[in-house]
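Notebook open. I want to go through this model one item at a time and write down what I look up.

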Amino acid sequence: MELGISIALILASLLMILLVLLHKGKGGGLSDMFGGGFSSNFGGSSVVERNLDRLTVITGVIWFVCIIALGLLVRP
């Protein structure tokens, strides 16, 4: 059980990193450096941005549930 939740946590963490880097940059920070060309091509589509927001929130909830579940399983 712990192994399955640990694998889900690792996958959710990697997906969360990817999704956050795909978001449109609002300043001049790291997101512009990594995704400047990509976000300029798809920046006009608000549907894509909304779906990316939803997917990021769902992945965050899955990540949070995995953290809580692991904490409850390894508790003595």
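I started with Val-48, which I found in helix α3. Helices here are DSSP runs of H or I with at least four residues, strands are runs of E with at least two, and both are numbered from the N terminus. Val-48 has 40% relative accessibility, so I logged it as partly exposed. The cut-offs: buried is under 20% relative accessible area, exposed is over 50%, and partly exposed is in between, with a 1.4 Å probe and protein chains only. I then took a C-alpha to C-alpha distance: Val-48 and His-23 are 9.9 Å apart in space and 25 residues apart in sequence.

A note on the source. This is a predicted model, in which local features need pLDDT of at least 70, side-chain atom pairs count only at pLDDT 80 or more, and totals for chains, interfaces and linings use all residues. Residues are numbered from 1 along each chain as its sequence is written, and side-chain values use heavy atoms, with hydrogens and water left out.

Next, the whole chain. I noted three helices and zero strands. The order from the N terminus is α-α-α. The chain has 76 residues, and 20% of them are buried. I checked the contacts too (heavy atoms within 4.5 Å). Of those between residues at least 6 apart in sequence, 82% join residues at least 24 apart.

Then confidence. pLDDT is the predictor's confidence in each residue, from 0 to 100. The chain averages 83, and 72% of the residues score at least 70. Which element has the lowest mean pLDDT? I found that helix α2 (residues 30-42) does, at 55, while α1 has the highest, at 95.

Back to α3. I counted 28 residues and a reach of 41 Å from first C-alpha to last, close to the 40 Å expected at 1.5 Å a residue. The expected span is 1.5 Å times one less than the number of residues. Which residues of α3 are buried? I listed Leu-52, Thr-56, Thr-59, Gly-60, Cys-66 and Leu-70. An α-helix has 3.6 residues a turn, so residues three or four places apart point the same way. The cover over the buried residues of α3 includes α1.

I picked Thr-59 from that list. Thr-59 sits in α3, residues 46-73. Its relative accessible area is 5%, so Thr-59 is buried. What does Thr-59 contact, leaving aside neighbours within four places in sequence? I wrote down Ala-12, Leu-15, Met-16 and Leu-19.

Glu-2 came next. I placed Glu-2 in helix α1 (residues 2-22). Glu-2 is partly exposed because its relative accessibility is 40%. Not counting residues up to four places away in sequence, Glu-2 touches Leu-70, Leu-73 and Val-74. Glu-2 and Gly-71 are 69 residues apart in sequence, yet 10.0 Å apart in space, C-alpha to C-alpha.

Last, the surface. The chain exposes about 5600 Å², and carbon and sulfur atoms supply 75% of it. Areas come from the Shrake-Rupley method with a 1.4 Å probe; for residues, only the protein chains shown count as cover. I also noted a nonpolar patch of about 480 Å², made by Trp-63, Phe-64, Ile-67, Ile-68 and Leu-72. Ile-67 lies in α3 and is partly exposed, at 36% relative accessible area.

How values were computed: Patches are made of residues with over 30% relative accessible area and no salt bridge: like charges are joined within 9 Å, nonpolar side chains (Val, Leu, Ile, Met, Phe, Trp, Tyr) within 5 Å. A salt bridge is a side-chain nitrogen of Lys or Arg within 4 Å of a carboxyl oxygen of Asp or Glu.
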